[in-house]
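The report that follows describes one structure, moving from its aromatic rings to its helices and then to its sheets. Please read it alongside the sequence and the coordinates.

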Amino acid sequence: MMDEVPLLELRDVEKTYEDGYRAVRGVSYKLGPGQLVGLIGPNGCGKTTMMKCINRMHDPTAGDILIDGESVLDKTPGEIARKVANVPAELRGSFGLTVFETVMLGRYPYLKNVWWEPKEDEDMVIEALEKFGVAHLKDRAVGALSSGERQRVLIAKAYVQQPRLMLVDEPTSHLDMKYKLDVMEYLNAMVKKDMTVLVAEHDISLMARYCDTCIIMRKGEIVGMGDPKKVITPELIEDVYEVSASVGFDDDGELFVLPKRYVRGHDTL
């Protein structure tokens, strides 16, 4: 049940680039706390751009974005970082940092001392390293880790940021099946009554398994939103992805999507 004031609200958000390309087109929706939300759609549909507008990495061209009823458009980066954590698809520019140092960066919005970290912050980081199974790697350079290990380190960094909203961009794109499930189990465990996790992902079956709600985008617009087991249909898959697919349920009642063939005749993205 949604609180009277939504955790996240988008009101007619638009993002148009200088070349005239409209990446996000009049997007509006509300999310309450305590949800794992999947954001799905083909490449170029506006998923990543919309998430970058939420955390103000991009400024929207029009509309408003509110967290706990307050617009983020007039907030400083530090103020936004206390509310929103970002987990990118890939770690770029680790600059030789260790796992411990990388996760400690998640405490940066709260640090008052320039030269050292308080013990409570160090304890929080150590707890997160243990929670996400990377404590044994704390002194290793992040650049030397496997893809699955790096993803868990990035999630731990976001966890210690203590956000109200976590934005996760394609967390399983470079992982094999075991680590896909591993990462999603961690994200699912992170959802709390006062925090929501928004995940942009291409694996529709994986999103349907773990997410409370799915938001489906096509050409910068939302074309469906709700319980994935209700909104994901063969008709929606064909409309959004231009692919004929079978949508069914396995013996455990989990939804799966089996793509069959490309359907020609649609406009290209």
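Both Phe 132 and Tyr 159 are buried, where buried stands for under 20% relative accessible area, exposed for over 50% and partly exposed for what lies in between (1.4 Å probe, protein chains only). The model is a predicted one, in which local features need pLDDT of at least 70 and side-chain atom pairs count only at pLDDT 80 or more, while totals for chains, interfaces and linings use all residues. Residues are numbered from 1 along each chain as its sequence is written, and side-chain values use heavy atoms, with hydrogens and water left out.

**Aromatic rings**

The values for each pair are set out below.

| Pair | Distance of centres | Angle of planes | Class |
|---|---|---|---|
| Phe 132 and Tyr 159 | 5.3 Å | 75 degrees | edge-to-face |
| Phe 132 and Tyr 186 | 5.4 Å | 55 degrees | tilted |

Phe 132 lies in the loop between helix H4 (119–131) and H5, whereas Tyr 159 belongs to helix H5, so their pair ties together parts that are 27 residues apart in sequence. Helices (H or I, at least four residues) and strands (E, at least two) are DSSP runs, numbered from the N terminus. The pair of Phe 132 with Tyr 186 links distant parts of the chain, 54 residues apart, since Tyr 186 sits in helix H6, and both of these residues are buried. Taken together, the ring pairs link Phe 132, Tyr 159 and Tyr 186 into a cluster.

**Helices H5 and H6**

The axes of helix H5 (residues 147–160) and helix H6 (residues 177–190) come within 10 Å and cross at roughly 10 degrees; axes are lines fitted to C-alpha atoms, for helices over the stretch in contact, and angles run from 0 to 180 degrees between N-to-C directions. That crossing makes H5 roughly parallel to H6, given that angles under 35 degrees count as roughly parallel, over 145 as roughly antiparallel, 65 to 115 as roughly perpendicular and the rest as oblique. On the H5 side the contact (heavy atoms within 4.5 Å) is made by Gly 148, Gln 151, Arg 152, Ile 155 and Tyr 159, and on the H6 side by Tyr 179, Asp 182, Val 183, Tyr 186, Leu 187 and Met 190.

Within helix H5 is Ala 158, which is buried with a relative accessible area of 1%. Leaving aside residues up to four places away in sequence, Ala 158 touches Ala 85, Val 87, Pro 163 and Met 166.

Strand S3 (residues 36–40) and strand S8 (residues 196–200) pair in the parallel sense over 4 bridges, with Leu 39 standing opposite Ala 200 in S8.

S1 and S4 run antiparallel and are joined by 5 bridges, the bridge partner of Leu 8 being Ile 67 in S4. Strand S4 (residues 62–67) pairs with S5 in the antiparallel sense over 2 bridges, and Leu 66 has Ser 71 in S5 as its bridge partner. S4 and S5 form a hairpin with 2 residues between them, and Asp 68 in the turn has a positive phi of about 55 degrees.

Of the 8 residues of H1, 6 are buried, so the helix is largely enclosed by the rest of the structure; the buried residues are Lys 47, Thr 49, Met 50, Met 51, Cys 53 and Ile 54. Just after H1, Arg 56 takes a positive phi of about 65 degrees.

Terms used
Pairing = 2+ DSSP bridges. Phe/Tyr/Trp six-rings, centres within 6.5 Å; stacked < 30°, edge-to-face > 60°.
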